[in-house]
Amino acid sequence: MPRRSAARSVPDDQFGVDPMAPRVRYDVAVAAALPWAAGILAVCYLALVFVRPLVLAPAVSRDPIALSVSALTTAVLLASIALAFRRRGMPLRLAHPLTMAVVCVVAVDSLAEMIWSGDPRGTVTIALAVTAAGAALLSTGWFLSTIGVVWAGWLVVATSLDLGPALRGWLLSMVAATVLGAMIMLSRRRGLDALAGALQHVAQAAVRDPLTGLTNRRGLVMLADELVALADRDGDVVSCTLIDIDGLKAVNDVHGHDAGDLVIVLVADALRSAFRASDVVGRWGGDEFVVVARGCGPDTEVLEERVHAYLTRTWTRFDMWTPAISAGRALLPDDAADLAGLFDAADVAMYARRAARRSASVVAAD
């Protein structure tokens, strides 16, 4: 059996990669996009400082400079958000609140344009802000809150302008923008959730044995490393039991590897039933399994009896394979100084037990 590598050789970030909970996942996506979005909007509103007096002056009944001041204020606020969090990152708890603030700032500027100009066409910008909220906000609660605030402001201003029959058309445009924003939000969420699911599948595949579903060698080392750390903190011992399937090579040679795979799967099921749910049961490779557990664990003779009883109850092809395993156990720190040494000590104990049993069989036969 090849010598095992030290447990610390496996990067910690390769195991336990649980895709983030949806709330955290959405916060991360929003926090990553907000500084860029705020920066781009700031540039756009800075341009409006100079464009508005030229374009809107004929339609503005009051001083058109007020609209430039509004655009400048909006640009400063957006630029502040972009610069504040572009370099040092944004705390996740602020991602959705600040995004809501950005949408509301844009809406307030557009409402000011409607008030000062008396022109309902400012609704177009507000509708765009509502649609953009769907792309920017991934939390349903924050999205609905933002839409509610924007809608409330727009309804107050729109009704005060006495638009008459035209109000119905602008109302429909706001409804359409809201529906579109909701669809965009749901689409983005589905995309993020699908990606998270794919990452979870990849992470699990990296530490799972595809045949038995048990932890594979990489996952076993990493989980065992964590278990050893916990046991060391609590002053507890750690047991490592190595199990080898007797006679599997003959099954593969005579009946084929499909039959051998059936034996491996059956032994894996037997080990699951023989150990606690908190114990780390893994397939080391080929016909070898390793179980790492806090405490001394079951005696090897008791374990072999449990597994043999399970196998004889569930296995029906005794003409193909006679159920039998060999087990060896070692303890940390009694038999080894580290996890790698513990694996090797269990390996030695397993081969010693198998050799002793064969010798006893020979003596009994004589």
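Reader: What does the accessible surface of the chain come to, and what percentage of it belongs to carbon and sulfur atoms?

Author: This is a predicted model, in which local features need pLDDT of at least 70 and side-chain atom pairs count only at pLDDT 80 or more, while totals for chains, interfaces and linings use all residues. Residues are numbered from 1 along each chain as its sequence is written, and side-chain values use heavy atoms, with hydrogens and water left out. Accessible areas come from the Shrake-Rupley method with a 1.4 Å probe, and for residues only the protein chains shown count as cover. The surface of the chain comes to about 18600 Å², and the part belonging to carbon and sulfur atoms is 64%.

Reader: How many helices and strands does the chain have?

Author: Helices (H or I, at least four residues) and strands (E, at least two) are DSSP runs, numbered from the N terminus. Counted in this way, the chain has four strands and eleven helices.

Reader: Is T146 buried or exposed?

Author: T146 lies in helix α5, residues 140-160. Buried means under 20% relative accessible area, exposed over 50%, and partly exposed in between (1.4 Å probe, protein chains only). Because its relative accessibility is 0%, T146 counts as buried.

Reader: Which residues is T146 in contact with, leaving aside its neighbours within four places in sequence?

Author: The side chain of T146 reaches the backbone oxygen of W142 at 2.8 Å. Contact means heavy atoms within 4.5 Å. With neighbours within four places in sequence left aside, the contacts of T146 are M100, V103, A133 and L137.

Reader: With which residue does D209 form a salt bridge?

Author: A salt bridge is a side-chain nitrogen of Lys or Arg within 4 Å of a carboxyl oxygen of Asp or Glu, and the structure holds 13 of them. In the bridge formed by D209, the closest N and O atoms are 3.3 Å apart. This pair links distant parts of the chain, 74 residues apart, from the loop between α6 (166-207) and α7 (217-234) to strand β2 (residues 280-285).

Reader: Is D236, which meets R294 in a salt bridge, buried or partly exposed?

Author: The N to O distance between the side chains of D236 and R294 is 3.6 Å. D236 is in the loop between α7 and β1 (238-245), and R294 is in strand β3 (residues 288-294), 58 residues apart. R294 counts as partly exposed because its relative accessibility is 26%. At 32% relative accessibility, D236 therefore counts as partly exposed.

Key
Polar contact = N/O pair within 3.5 Å; in protein donor to acceptor, adjacent residues only side chain to side chain.
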